[in-house]
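Dear colleague,

I am passing on the structure we talked about, and below it you will find notes on what turned up in it. Please read them with the structure open beside you.

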Amino acid sequence: RDAQESRGLGDVYKRQHWCEKLVAACEREKPEKLLLLGDLLYHGPRNELPDGYAPKKVAELLNPLKEKILCVRGNCDAEVDQMVLEFPVLADYSILIEGGHTFYMSHGHIYNEQNLPPLMDGDIFLYGHTHVLRAEKKGAHTFLNPGSVSLPKEGNIPTYAILEDGVFTIKGFDGTVVKQLTL
């Protein structure tokens, strides 16, 4: 976008219907990058197969966006997923510097609030895994979780987030602003 880059953030979590909504949100929001926080194609053996479970379709929807995607590996992502996805998905973490802020991106199953990565004061920890949205400054760090595109928990609606001009905004797919935090 204009002065500062816009970042779209989401936890796709393999449901074709919700992935289609995420792609539509990307077309509407026009982010320069799409940050995916893991668990793209498989949901793990502890959960029932969700309605609309179609990992090959999710890959088909995401692959055309490959030049915009920056992804970290979730606890349910594996080498076999990389075989159908045309962008890297197996990094345990990524570091992004945007607008004077350092973001440490991780799925959240290895590094999380109880086991923080090596953050410096002022750094931002961006994670998924819990399926619970969060945008909060706590002590010397900021914690951001866009929630979940298709399997939200704790009564939340399906959400994604946009980072634009130093504001982290969590949105529902109907455009509702669920939470905002100025960084």
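How much accessible surface does the protein have, and what percentage of it belongs to carbon and sulfur atoms? In this predicted model, the accessible surface comes to about 8800 Å², and 51% of that belongs to carbon and sulfur atoms.

As for the overall fold, the protein has 3 helices and 11 strands, which run from the N terminus in the order β-α-β-α-β-α-β-β-β-β-β-β-β-β. Its radius of gyration is 15 Å, close to the 16 Å that the globule rule gives for 183 residues, so the protein is as compact as a globular protein of that length. Of the 183 residues, 51% count as buried, and among the contacts with a separation of 6 or more, 54% are made by residues 24 or more positions apart.

Turning to the aromatic side chains, the count comes to 7 aromatic pairs. One of them is the tilted pair of tryptophan 18 and phenylalanine 173, with 5.7 Å from centre to centre and 50° between the planes. This pair links distant parts of the chain, since tryptophan 18 lies in helix α1 and phenylalanine 173 in the loop between β10 and β11, 155 residues apart. Phenylalanine 173 is buried, with a relative accessible area of 15%.

Tyrosine 104 and tyrosine 111 form an edge-to-face pair, 5.8 Å centre to centre with 85° between the planes; tyrosine 104 is buried at 6% relative accessible area, whereas tyrosine 111, at 25%, counts as partly exposed. Both tyrosines belong to a cluster in which ring pairs link Tyr93, Tyr104, Tyr111, Phe125, Tyr127 and Phe143.

Notes
Residues numbered from 1 in each chain as written. Predicted model: local features only at pLDDT ≥ 70, side-chain atom pairs only at ≥ 80, totals over all residues. Heavy atoms only, no water. Phe/Tyr/Trp six-rings, centres within 6.5 Å; stacked < 30°, edge-to-face > 60°. Helix = DSSP H or I, 4+ residues; strand = E, 2+ residues; numbered from the N terminus. Buried < 20%, exposed > 50% of the residue type's maximum accessible area, 1.4 Å probe, protein only. Rg over C-alpha atoms; globule rule 2.2 N^0.38 Å. Contact = heavy atoms within 4.5 Å. Areas by Shrake-Rupley, 256 points an atom, 1.4 Å probe, with all protein chains shown as cover.
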